[in-house]
Amino acid sequence: MKILVIEDEKELARDIVNYLSGENYLCETAADFPSAREKVSLYQYDCILLDLMLPGGDGFDILEYLRSQNKQDGVIIISAKNSLEDKIKGLNIGADDYLAKPFHHSELAARIHSVIRRKQFDPSNLIVQNEVKIDLLSKTVQIGGNGIPLTKKEYDLLLFFIGNKNRVLSKSALAEHLSGDLADMFDSHDFVYAHVKNLKKKLSEGGYGNYLKTKYGTGYKWEI
Amino acid sequence: MIKLLDKPFKAFTIYALIILLVSIPIYFLVVDWIWVTEIDDNHEIIMERIENRFEQAHLSGHDLETILHTWNTLQPSSSITPITEASGSRDSIYEVTKYNEYESEWDRFRGLQTVIRIDNKPYLLNIETNVEEAYETIFAIGLVTVLLYGLLVFGFIQLNRKISKSVWEPFDSTLTRLKSFDLSAGKELTFEPTDIEEFESLNHTISKLISENIGVYNQQKAFVANASHELQTPIALLKSKLEILFQDEKLSSDQSELVNAIQIPLARLTRVNKNLLLLARIDNSNFSDISEIDFAEKVEKSEELLQDYIGEKKLNFQKSRKGKCVFKSSKFLAETLVNNLLSNAVRHTSANGEIGIEWDDNGFSFRNSGKERLNRDFLFKRFSISTTETTNSGLGLAIVKEICKQNGWEITYDFSDYFHIFSVRFSKF
């Protein structure tokens with residue numbers, strides 16, 4: 001799957017590519033408006049990460065160009081301007097998601113995963129991960145035909161883990177995924193531990209392998 | 001505190017009192033002196049007249065004796081008595097106090113005693129005139145003085161009022177405008193022109209001072225906004241690099257703990273910077289996403305997000321709806337306000353404590369259990385951190401205050417019955 005990272009901060013673009021590379025993604029980068037515009041018009045991507053403030057132009061113009069050309073590439077705006085107006089404008093023009101900087105790479109990966117999933121034509125809306133089957137429409141999880149009753153948060157966490165396979169996820173990244181911006185108002189995110197524990201318990205009771213590992217006591221990893 | 005105009009008024013009044021008190025004996029002495037001199041002159045004239053008339057009358061010795069007898073009997077204020085040449089009586093002016101049988105009181109008399117000659121025989125002429133009593137004069141003067149003093153003070157008060165109304169009016173207007181001045185509103189003050197030089201110069205100086213202050217304030221605001229904006233990228237990079245490092249398979253347990261330890265202050269830095277940017281944005285921009293906000297809905301949303309933190313501390317969370325709280329505001333600001341107030345309450349309540357939200361038609365309030373009253377003066381100021389907790393960015397309540405200001409609401413803090421209470425009231429119009 002091809003991803004284009006349009007980001008003028010080269011180091012940040014490199015880190016994003018670095019983080020995503022393990023996930024079967026092929027990443028390209030564009031650091032300014034002209035090169036981004038060129039790549040967008042020449043190739044098709046599954047997902048484009050779009051910074052709004054670019055040398056040489058406005059990120060919105062690229063988005064507008066994409067939609068005017070009827071290109072269906074998924075677009076996630078990554079902007080330092082955490083402004084609701086920008087978010088609404090972006091989503092109106094046709095962005096699929098909006099993520100304010102600074103963000104956790106894991107959050108970005110989960111959002112990319114979700115955008116690509118939505119873009120793919122899949123009438124069943126099913127994610128199959130080893131023994132587990134996730135129905136995205138009804139938000140139910142099955143293992144070997146048996147339903148696993150998950151709470152909303154456990155379900156969110158499961159999707160988050162699957163979107164970040166083989167990555168160590170810190171507690172704060174998980175907390176931020178669950179509580180959004182509000183998570184950074186708190187230092188202790190111990191409740192994450194309880195949710196993960198419950199999720200693990202329910203999955204293993206359903207007969208799922210032990211893929212969810214605790215790492216260094218500070219993070220979690222979904223190891224395949 | 002004493003009013004500026006009352007100060008000279010008091011001094012003037014005291015000074016007038018002293019002068020008028022001193023004037024009483026002076027008036028008395030002057031009046032008395034004029035009185036006595038006049039009487040003495042009069043006595044002199046009477047004496048000369050009597051002498052001349054007798055001289056011209058050419059009376060015989062017997063007639064003279066009869067006339068003198070009648071004179072002395074009928075004329076109460078003068079007497080002419082024959083004396084011998086050798087008696088050696090001298091002219092004198094004297095004062096005497098005699099009992100007045102008709103008015104049954106003691107009266108003061110001024111007298112002239114002199115020797116006149118009728119037919120070359122010496123006679124002693126004695127003229128006496130009743131002079132006003134000293135105490136009577138003093139009493140009359142005193143009475144007039146007191147009346148005048150009263151008039152003077154009354155006049156002072158009236159004049160004072162009139163002056164304070166007209167002359168100090170520009171000053172009062174300046175003061176009223178200064179009182180309502182708000183630096184953060186960024187609006188320059190204009191003063192009414194006045195024809196009084198001092199006030200005009202005062203207004204001019206204040207205007208200059210204010211515009212300089214606004215300039216500095218704006219500069220500072222821009223500086224904070226720029227600084228926090230510039231910090232964003234390095235912070236994002238730091239966060240990104242740490243996360244990449246965290247993925248390293250070769251990371252030892254100690255090293256990963258170190259990475260975690262770095263993440264905590266970094267999270268705080270992120271938070272502070274984010275809040276500073278938010279404050280700058282609230283200060284600078286008009287929010288266009290105005291819509292009808294249902295407070296209950298926002299509370300529910302915020303509660304859902306914070307549920308885990310509330311559960312973690314085993315807080316007793318209660319909502320009480322006393323009316324329909326719907327208002328027009330920016331959605332973003334309303335959400336930020338509710339989130340900040342609720343997360344603030346959650347953060348600062350100790351385990352097993354209590355949190356409550358109450359709302360009615362005209363506002364809402366957040367309360368959480370606590371041990372002691374917080375300092376109201378610093379509460380809403382930036383970076384006035386009241387606890388040693390590191391999660392506190394010191395900006396949460398400053399943001400709340402700014403949002404309330406933006407919406408024209410009033411926020412107050414109270415502590416009662418071991419509860420911190422933050423109340424937001426919508427203005428009454």
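Q: How many helices and strands does chain A have?

A: The model is predicted. In it, chain A has eight helices and 14 strands.

Q: What percentage of the residues in chain A is buried?

A: A residue counts as buried if 20 or more other C-beta atoms lie within 10 Å of its own. Of the 224 residues in chain A, 41% are buried.

Q: In chain B, what is the order of the strands in the open sheet of four strands?

A: The order is E1-E4-E3-E2 (chain B), and the pairing is antiparallel. Strand E1 (78-82) and strand E2 (92-100) of chain B stand at the edges with a single partner strand each, so one side of each has no neighbour in the sheet. From one strand to the next, the twist averages 30 degrees.

Q: How many bridges join strand E3 to strand E4 of chain B?

A: Strand E3 (residues 105-118) and strand E4 (residues 121-131) of chain B run antiparallel and are joined by 11 bridges. Arg110(B) stands opposite Thr129(B) in E4(B).

Q: Which helix packs on the sheet?

A: Helix H1 (residues 6-57) of chain B does, touching E2, E3 and E4 of chain B. The direction of this helix makes about 35 degrees with that of E3(B).

Q: How many residues does the contact take from chain B and from chain A?

A: Chain B gives 35 residues and chain A gives 30 residues. On the side of chain B that touches chain A, the largest share, 11 residues, comes from H5(B). By class, that side has 11 nonpolar, 15 polar and nine charged residues.

Technical notes:
Residues are numbered from 1 along each chain as its sequence is written. Chains are lettered from A and ligands numbered from 1 in the order in which they are written. This is a predicted model: local features need pLDDT of at least 70, side-chain atom pairs count only at pLDDT 80 or more; totals for chains, interfaces and linings use all residues. Two residues are in contact if their C-beta atoms, placed from the backbone, lie within 7 Å. Helices (H or I, at least four residues) and strands (E, at least two) are DSSP runs, numbered from the N terminus. Ala, Val, Leu, Ile, Met, Phe, Trp, Tyr, Cys and Pro count as nonpolar, Asp, Glu, Lys and Arg as charged, and the others, Gly among them, as polar. A residue is buried if 20 or more other C-beta atoms lie within 10 Å of its own, exposed if 12 or fewer, and partly exposed in between; C-beta atoms are placed from the backbone. Two strands pair if DSSP finds at least two bridges between them. Axes are lines fitted to C-alpha atoms, for helices over the stretch in contact, and angles run from 0 to 180 degrees between N-to-C directions.
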